[in-house]
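Me: Hi! I have a structure open here and would like to talk through its contacts. Could you walk me through them?
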Amino acid sequence: MTRYPATTLLAQAEVAMALAEISEGVVPSQVLLDALGIDRLGCEAINALLVSELPPFASIYLSLDGNIGGESQVEIAGFYRAISVKVPPNPDYLSSMLYLLGQIIQKEAEFSDGETPRSKAIEIAKLTLLQQHLAPWLVPYLLRADQIAGTSASVWITLTLDLITSILELSEGPFSQQIINDDPDQGQIESFANSVEFIDWITSPRLSGVIVAPSDLANIAKSLGLAARIGRKRFVLDGLFQQGGRELLEEIGKFVAEQGDLYLSRSSEFEVLQPWSKKAIITHKRVLATLAP
Amino acid sequence: MSSTFRLQEAGERVSAAREATEKRGETFYQGPSGIHLASHPPFERWSDWMELDSKAWPTKKERRYALIPTTCFNCESACGLLAYVDKETNQVAKFEGNPEHPGSRGKNCAKGPATINQITDPDRILFPLKRSANRGDGKWEKISWDTALDEIAAKLRSSIIAGRKDKIVCHIGRPGEDGFTERVLASWGVDGHNSHTNVCSSAGRAGWHYWTGMDRPSADFANAKVIFLVSAHLETGHYFNPHAQRITQAKERGAKLIVLDTRLSNTATHADYWLSPYPGSEAAINLAIANYLIQEELFDREFVRKWWNWQEWLECAHPELEADFETFISLLKETYAPYTFDYAAAESRIDKKVLLEVAEIVATAGEKFASHIWRSAAAGNLGGWQISRTLLLINALMGAIATEGGTYPNAWNKYVPRPIYTPPHPDVWNELSWPSDYPLSMNEMSFLLPHLIGQGRGTMDVYFTRVYNPVWTNPDGMAWIEMLLDESKVGCYVALTPTWNETSYFADYVLPMGHASERHDLASYEQYDGQWVAFRQPVLRTYANSQGGEVQDTRDVNPGEVWEENEFWIELSWRIDPDGSLGIRQYHESKKNPGKKLTVEEYYEYIFENSVPGLPGRAEAEGKTPLGFMQSHGAFEIKNKVGQIFTEAVPENELIETATTRLGRVYTSAAKPVSTNIVPTGDPDPDSSGKRPVGVVVDGEVRRGFPTPSGKLEFFSKTLAEWGWKDQAIPNYVKSHIHPDKLESNQMVLISTFRLPVQIHTRSANSKWLDEIAHTNPVWINPIDAERLSIEENDLIRVNSEIGYFVAKPWITQGIRPGVVACSHHMGRWKFTDATNSLTMRRVELDSEGAKRHLIPKSPPKPYLSSDPDTARFWWNDVGVHQNLIFPVHPDPISGMHCWHQAVSVEKAHIGDEFGEVHVDLDKSKAVFERWLKMTKTAQEVSPDGTRRPRWLMRPLKPTKRASLLQPADSLK
Ligand code: SF4
């Protein structure tokens with residue numbers, strides 16, 4: 001297997017830990033921001049993104065109900081335990097996971113001058129973390145983050161994607177995480193029975209292949225002249241469905257299709273995006289089926 | 001640019017920045033916390049910390065803060081706090097944890113951050129007040145500090161000049177700085193220190209003291225394999241937050257947690273084994289476990305052989321036997337054989353299989369057995385001190401004394417730096433605080449004061465309470481009111497308090513004292529195997545100084561004219577002795593500027609420069625003075641891993657002209673080296689030729705040993721044997737005053753001492769966040785008892801004690817065992833004046849009829865308008881009942897501890913009974929006092945050497961040998 005030299009590994013580790021710090025959601029030190037080339041505006045945009053738009057908990061994107069916690073969080077906690085690392089209070093929080101990744105790569109650099117059982121074990125740990133627990137949701141997450149936060153957060157987004165790319169470049173799959181494995185059946189496309197079923201579906205990224213942020217809903221509401229209430233996404237959607245039915249679904253359908261296209265357009269770079277685009281396409285088809293007379 | 005290249009470049013830039021930052025000794029990565037609540041601002045950014053203003057949301061308004069450390073004042077744990085001083089308002093905006101504090105490590109319980117409620121309480125006392133009508137009428141006038149100081153100083157001066165040195169008493173509640181008040185009183189030459197300890201922890205202490213010569217456990221919870229708590233320690237116990245976080249740490253590593261608590265406390269819910277014993281049977285359980293270890297030979301024989309005073313036991317108690325170790329072991333087996341699991345099961349009403357299982361777990365711990373007891377069962381029962389002593393027996397059997405994961409004596413995990421002056425101890429003995437009826441009492445018999453004064457044993461010229469509320473906290477509060485109202489008994493009463501309380505309403509002077517961020521103190525407590533000091537400071541004073549401001553004294557920065565005690569006591573001492581002729585002023589004078597008053601800066605400068613090892617060097621490395629270091633970090637760890645001091649070899653230079661007793665106690669003529677750590681311990685007497693005890697011979701080597709008369713762990717206390725209690729000289733089970741054999745058929749046990757993790761004795765009456773969480777104290781009652789007594793959830797109940805009754809609400813719950821009821825501390829606060837507002841004090845009327853006293857509720861607390869809009873919003877009006885009023889005094893004849901548990905009968909309230917009302921008969925309370933007094937053995941009867949109390953036992957002020965001798969008229973018993 002091809003390996004990076006220790007200097008590259010150390011740089012990767014440093015960036016992973018620096019990105020972890022930025023993903024904390026607090027204001028990091030100016031020295032760190034300067035070193036990464038992130039200005040005050042960028043920092044605020046990242047914070048807003050993490051706090052209000054796309055909470056960076058893996059379980060939201062990997063669980064069936066789209067909520068924090070549950071089985072997917074337990075699985076990630078199990079990974080910490082398996083490699084004898086103390087499980088932090090929120091093991092699936094992005095910053096915890098990036099910090100762990102940085103620490104593992106640092107260890108990898110220490111043992112990089114030859115292939116030993118130890119160095120092999122460290123490498124496996126790194127790839128497992130990245131391939132099973134991090135990349136499957138972080139890649140589509142970052143693409144959505146880029147759409148939502150725009151250029152202000154681009155340094156953070158680009159560096160995080162660079163980190164994933166550079167590690168995956170020298171490794172192979174398979175991605176064994178559920179989001180990858182539960183390849184949707186494209187045969188039978190069923191319409192949604194009612195708005196409740198639709199809301200359950202669309203608010204679960206794992207089911208729908210779609211990541212919806214509060215600002216997406218606000219934009220859709222605005223474009224239709226509807227009033228969007230504040231609160232959890234499912235309540236916002238519920239409120240919107242009480243005001244508008246068909247047009248709303250059409251608009252959401254467009255939004256879903258755009259996401260499917262986005263993932264498809266980058267899926268040659270990131271294999272992990274393939275199931276995401278497939279799922280988004282199915283969701284789009286289900287919306288169309290529901291709209292069909 | 002390729003991604004790998006971009007990454008390489010960024011990585012190198014970050015590495016360079018990190019290395020440069022770390023070279024400056026600063027933190028670069030704070031580390032991920034998951035979510036940011038668990039992380040702390042790194043130290044190097046404390047001078048200018050930015051946060052977004054949460055109230056301005058969704059607008060992003062930046063606020064800049066200076067973060068100044070201080071120490072929490074809300075319990076004895078002395079956790080570190082960080083005050084966020086808003087640079088725009090120059091006021092403290094909030095408190096969070098101080099990550100630089102080695103005990104609390106950045107964490108706090110709810111009470112720490114709630115300090116902000118206390119300092120912004122719209123009803124706090126802001127100015128010195130003097131009563132303007134009859135005592136107890138609740139009428140006040142504002143006076144200047146000068147007037148207050150002059151008037152009080154004049155009274156003190158005249159008492160001191162007249163030689164009425166036993167008529168000045170200072171009654172301490174929340175300790176501030178170790179030894180500060182004691183030294184002030186010593187400088188006045190009075191034996192006036194009075195503490196709350198005999199209603200708190202003196203039984204827990206006594207058990208420890210008789211074993212080790214030190215009076216508290218310091219369990220190394222974090223490294224323990226088995227943790228054994230006789231209490232709700234994890235939830236609310238002493239050193240709550242520092243200990244809870246270490247117990248949790250141990251549990252994460254797989255340590256087993258065993259909890260003995262009659263009540264299903266939050267602690268019990270975390271236990272691997274929760275044992276709910278019948279109250280008072282805890283010592284029987286401890287002894288059954290000890291007996292199992294002894295009979296099965298699962299104890300550390302070598303440790304016992306080397307470090308127990310078994311020879312002394314054989315020699316004194318069994319002179320007929322061979323004085324060898326095997327004989328001792330046989331005797332030990334024989335002595336404890338009756339404490340079978342069957343016996344313990346019958347006493348505790350816990351299945352014997354469970355007791356055996358617990359004993360087996362204990363046996364696996366080896367040296368990593370961490371046990372703790374403080375108040376709880378020890379404070380509840382007659383003979384409660386033996387619960388503590390029998391618990392330590394288990395540690396002593398396992399050799400788990402001062403081991404990693406074991407239990408240390410507190411004094412080795414604590415550092416009390418030698419201050420600038422240590423005045424000599426007084427040449428007078430205060431019989432009201434230390435009556436010869438209780439020669440072995442661990443601490444002052446403070447809760448007996450009204451009864452002793454009532455018997456005509458003495459009076460007080462000037463009585464101070466310091467952050468203390470005896471009318472509410474002590475048993476028999478009505479007797480306290482009676483005493484305070486009588487000016488012939490209490491000439492002048494001065495309440496030093498930050499908040500209004502039930503006792504302060506009877507004061508002549510109410511003097512406002514500061515909270516955690518408004519005063520100076522030094523603290524050091526045993527919370528792990530290490531030694532640290534933490535600095536409580538008036539944060540706005542430190543902030544003003546850092547901005548170039550001039551601060552004369554702490555009043556300049558505190559709200560209103562709130563002061564700190566240290567400056568107050570220095571000022572008061574100067575006014576008692578303005579020209580120095582009484583010899584008092586010399587202890588409060590500057591050394592740098594002779595003839596001038598000592599300032600708090602100089603006081604702490606001296607300590608930090610001379611008495612805290614390692615601090616000057618560490619400060620210098622940061623380019624700071626030692627005082628500057630403490631002002632900016634708030635705490636300093638002197639030592640980590642202190643280890644087994646008792647095994648240390650005594651250095652040659654301390655072994656001059658030694659004399660060694662037959663049992664190996666070594667005495668020396670070498671002077672005691674001056675230590676900068678003046679932590680109090682037992683102080684064994686010199687030998688007959690005046691040589692001081694220096695060590696003990698173990699296997700031919702002179703080791704440091706323990707500060708006990710024998711120098712060893714005293715399994716057998718010769719002191720107890722010689723002072724009339726031969727039958728209690730070894731760890732033993734005393735049947736409590738609420739033992740089932742002693743109860744009437746309609747009586748149950750009332751547990752009244754348990755605390756809630758979010759309240760602060762009686763000082764949190766206006767801490768709105770805490771009050772919202774907990775503001776009432778229903779009586780816990782098991783469904784079986786409720787059914788038997790036909791009590792339903794919404795009923796009112798009467799709880800009847802020996803001297804009266806209160807009316808309360810029941811809480812029917814399986815969280816308490818049948819036959820026992822429980823009611824929490826803190827609640828049932830009251831006031832009889834409308835002069836003050838409160839979130840938890842109901843308005844009441846105090847009424848009397850002969851010896852009968854009544855507390856009649858008038859109205860619950862109501863929302864009111866103030867500078868804080870929240871006072872108009874509070875929603876609760878059920879503030880519980882003041883149960884302590886119906887508790888007569890129960891002084892343990894040995895430890896002197898008030899035995900809190902009560903034998904009560906519970907019934908449905910009578911028609912016309914009102915929630916919160918309390919009725920007491922003072923004649924009955926006097927009769928109970930007299931009955932318990934008969935259980936004592938007075939010094940006159942038992943003192944083996946004509947002294948009033950064994951001199952080696954710890955005592956906050958230690959009168960001279962002359963003053964310690966019994967006088968013919970000492971006891972009126
Ligand atoms: S345990 Fe709580 S109340 Fe006690 S000092 Fe610590 S933070 Fe303050």
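Reply: Happy to! Let's start with a salt bridge: A:Asp216 pairs with A:Arg144, and their closest N and O atoms are 2.2 Å apart. Keep in mind that this is a predicted model.

Me: Which helices of chain A supply the domain 1 side?
Reply: Helix 3 (40-53), helix 4 (58-62), helix 7 (117-149), helix 8 (154-169) and helix 9 (178-181) each bring at least two residues to the side that touches domain 2. Helix 7 gives the most, with ten residues.

Me: And what classes do the residues on that side divide into?
Reply: On the domain 1 side there are 16 nonpolar, seven polar and three charged residues.

Me: Where are the domain bounds in chain A?
Reply: Domain 1 covers 6-179 and domain 2 covers 183-291. The contact between them takes 26 residues from domain 1 and 23 residues from domain 2. Their centres, taken over C-alpha atoms, are separated by 26 Å.

Me: What area is buried between the two domains?
Reply: About 2100 Å², and carbon and sulfur atoms give 66% of that.

Me: Switching to the chains: what do chain A and chain B bury between them?
Reply: Chain A and chain B bury about 2900 Å², with 57% of it on carbon and sulfur atoms. That contact takes 37 residues from chain A and 28 residues from chain B.

Me: How many salt bridges are there between chain A and chain B?
Reply: The count is four salt bridges. In one salt bridge, the side chains of B:Arg18 and A:Glu14 meet at 2.7 Å, N to O.

Me: Which helix of chain A gives the most to the side that touches chain B?
Reply: That would be helix 1, with nine residues. By class, this side of chain A has 18 nonpolar, eleven polar and eight charged residues.

Me: Last topic: which residues surround the ligand?
Reply: The surrounding residues include B:Cys72, B:Cys75, B:Cys79 and B:Cys109, along with B:Asn74, B:Asn108 and B:Asn241. B:Lys111 and B:Gly112 are also among them. The shell divides into five nonpolar, five polar and one charged residue.

Conventions. Residues numbered from 1 in each chain as written. Chains lettered and ligands numbered in written order. Predicted model: local features only at pLDDT ≥ 70, side-chain atom pairs only at ≥ 80, totals over all residues. Heavy atoms only, no water. Domains from an automatic or database assignment. Contact = heavy atoms within 4.5 Å. Buried area = accessible area lost by both parts, 1.4 Å probe. Helix = DSSP H or I, 4+ residues; strand = E, 2+ residues; numbered from the N terminus. Nonpolar A, V, L, I, M, F, W, Y, C, P; charged D, E, K, R; others polar. Near = heavy atom within 4 Å.
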